[in-house]
Every structure is written in C-alpha cells, then in structure tokens.
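Subject: Structure handover

Hello,

I am passing this structure on to you. Please have it open while you read my notes.

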Amino acid sequence: MASVLQLSDVSIVRDGNPILKSVDWTVNGDERWVILGPNGAGKTTLLQVAAAMIHPSSGKARILDDTLGAVDVFELRPRIGFASTAMARRIPQNETVLDVVLTAAYSVTGRWNETYEDIDTRRAQRVLAEWRLGDLANRKFGDLSDGEQKRVQIARSVMTDPELLLLDEPAASLDLGAREELLQLLGGYASAPQAPAIIMVTHHVEEIPVGFNRAMLLSHGAITAAGPIGEVITSQNLSDAFGLPLEVEEINGRYTARAS
Ligand SMILES: Nc1ncnc2c1ncn2[C@@H]1O[C@H](COP(=O)(O)OP(=O)(O)OP(=O)(O)O)[C@@H](O)[C@H]1O
C-alpha cells in the first residue's frame, strides 16, 4: 500500500528551541496510528505538519504524494480531514449541526452564501447518521454536550472523504459513557476496509480504539518507539517515554496503564 505521509529528517524549531528533532516516519494508506507522549512532547506540532498547516524548519515532508513547499497547500488541505479543539473553536456556536458538517465541503466554518448541491446535503445527512447525530441535525452546535460536539467535529472531518484523517485528542474531556460511545464509533470507522489512513493523538492508552494497528511514542520532540501497536504499547516503552514505571495491559484490543 502506498505511503500517504513521509517525513524525512523533519525538524521544527521555534524561538531557537527544537520542538521536533529529526523525525523520520512513514504512514501507509492502510495504517491507523496512535501517537502518545508526555505533555509538550511535540504531538500536536507533528500533526500540524501532517495537516500541511506548518512547514518543517528543515527536512522533507511528503503528504499524499506532494512535497510541502512545492505544492499549493490550499489544494492539498481539502484532501486531509483534521479534527482538533483549535478547529472546533472556529465553529460558530449558533451554527446548526447539519451546517457544521456541510460547510466542510467548502473548507469553511460558518455558512454564508455558498451554494450546496443536494448531493452534499445528502452526504452530510448520511455522515451525521453514521456518527449517531441524525436526530441532532437541526440543533445548534453550541447547545450540544461535549461528547456530541466531539462527534460533530469528527463527522465534519470525514465529510469530504479524506485520504488522511488526523484526530487531535478526540476523546479528551469526555465522561466514561461519551468516551466509550466515541471509541466504539471510531473503532468501527477505523476497522472498515475503505477507511483512510488515520493518525490520532491521545494522552491515554485507554482512549485507543480497537482497529488501530500502529503506535508512535514521542518524547522531547523525538520518536522513542514506532511500529506495530502490540510491539510499541508495552510497559517498558511507556515507562521510558513517561519517565516512571508503568504497567500496561491489553484485553481484546483495548489498553490500560497504571503506575507499577
Ligand atoms: N508556535 C510556537 N512557538 C513556540 N513554542 C511552541 C509553539 N508551538 C508549540 N510550542 C512548544 O512546543 C512544544 C510542543 O508543543 P505541542 O503542542 O506540539 O506538544 P504536545 O505533545 O501536543 O503537548 P500536549 O500533550 O501538552 O498537548 C511545547 O513546549 C510548546 O510550548
């Protein structure tokens, strides 16, 4: 399967400080990655490179067969789905759920006077149903619960059938029920044969959905482990990445971790 992302010796420097250090990483079309690492490790920064939102300070980033710096990012970005809290903050609170998803077709947040085809509306309705939001289509985004808002953000990010889907902490701040509902939906989506390549950043191994098959541990801007999820999410690797003894357990594709 062809690669959708290839980073070669990618570094990011901000205010003289290295935030990503010489990252080499390839993501293939059939891979669903989870990225874990301590606060400030550079996870969101890495996702922003993958989203063509920032350029490496040095090194080369190829995204969907285009090289950053030699491609019009406004043509590249619509092929990438990106759900993050920063993106969610740009959604007008009084926008209907249907319009939050529909406006992804024009890469805008906030419906104005774009013309949408019936096919766009039907697709938005289908995506809402898939993410168990069909009954909320006419509700205002700002009136939804955190769990519902997270699902709307993901529905919006898959509206355009992206070739690469990026999720920055999709389950953060959710209660147990909302988290499990989201993970069930994400697991189903990730396990479907037609799913795009997915990269998800999370803080907790408990938030890794079933169906994710690759993992990366990032610490101080550098990759400390990357590869098949069962080989990476181990007690030893997590203890090294987080700097304390941790014990990891895996049951039927779900993980838990606690201090040992
Ligand atoms: N534009 C910027 N200018 C200066 N420093 C920055 C900038 N963006 C990020 N940083 C710094 O880079 C480091 C990595 O940030 P990043 O948000 O990528 O980490 P993270 O692993 O996602 O963290 P968290 O788990 O806390 O969300 C942090 O120390 C952050 O303060």
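Below is what was found, from the whole chain down to single residues.

First, the ground rules. This is a predicted model, so local features need pLDDT of at least 70 and side-chain atom pairs count only at pLDDT 80 or more, while totals for chains, interfaces and linings use all residues. Residues are numbered from 1 along each chain as its sequence is written.

Overall build

The protein has nine helices and twelve strands. These are DSSP runs, numbered from the N terminus: helices are H or I with at least four residues, strands are E with at least two. The radius of gyration is 18 Å, close to the 18 Å from the globule rule for 260 residues, so the protein is as compact as a globular protein of that length. That radius is taken over C-alpha atoms, and the rule is 2.2 Å times the number of residues to the power 0.38. Along the principal axes, the C-alpha atoms fill a box of roughly 50 × 45 × 35 Å.

Of the 260 residues, 37% are buried. Buried means 20 or more other C-beta atoms within 10 Å of a residue's own; exposed means 12 or fewer; partly exposed is in between; C-beta atoms are placed from the backbone.

Cores

The largest nonpolar core has 65 residues. Val-101, Ala-155 and Leu-166 touch the most other members. A second, separate core of six residues includes Ala-171, Leu-182, Leu-186 and Tyr-189. A nonpolar core is a set of buried Ala, Val, Leu, Ile, Met, Phe, Trp, Tyr and Cys residues joined through C-beta atoms within 7 Å.

Sheet and hairpin

Four strands form an open, antiparallel sheet in the order 2-1-4-5. Two strands pair if DSSP finds at least two bridges between them. Strand 2 and strand 5 (66-67) stand at the edges with a single partner strand each, so one side of each has no neighbour in the sheet. Inside the sheet, strand 1 (residues 3-14) and strand 4 (residues 58-63) pair over five bridges. Ser-11 has Ser-58 in strand 4 as its bridge partner.

Strand 11 (residues 246-251) has six residues and zero of them are buried, so this strand lies largely in the open. Strand 11 pairs with strand 12 (residues 254-259) in the antiparallel sense over six bridges. The two form a hairpin with two residues between them, and Asn-252 in the turn has a positive phi of about 50 degrees.

Ligand shell

Which residues surround the ligand? They are Arg-14, Asp-15, Ile-19, Gly-37, Asn-39, Gly-40, Ala-41, Gly-42, Lys-43, Thr-44 and Thr-45. A residue is near a molecule if its C-beta atom, placed from the backbone, lies within 6 Å of it. Helix 1 (residues 43-50) gives the largest share, three residues.

Single residues

Leu-20 is in strand 2 (residues 17-28). Leu-20 is buried, with 28 other C-beta atoms within 10 Å. Beyond four places in sequence, the contacts of Leu-20 include Val-10, Gly-42 and Gly-221. Contact means C-beta atoms, placed from the backbone, within 7 Å.

Two loop residues have a positive phi. Ala-52, between helix 1 and strand 4, has phi near 60 degrees. Ala-52 is buried, with 23 other C-beta atoms within 10 Å. Asp-161, between helix 6 (146-158) and strand 7 (164-168), has phi of about 55 degrees. Asp-161 counts as exposed, with 12 C-beta neighbours inside 10 Å.

Best wishes

Technical notes:
Contact = placed C-beta atoms within 7 Å.
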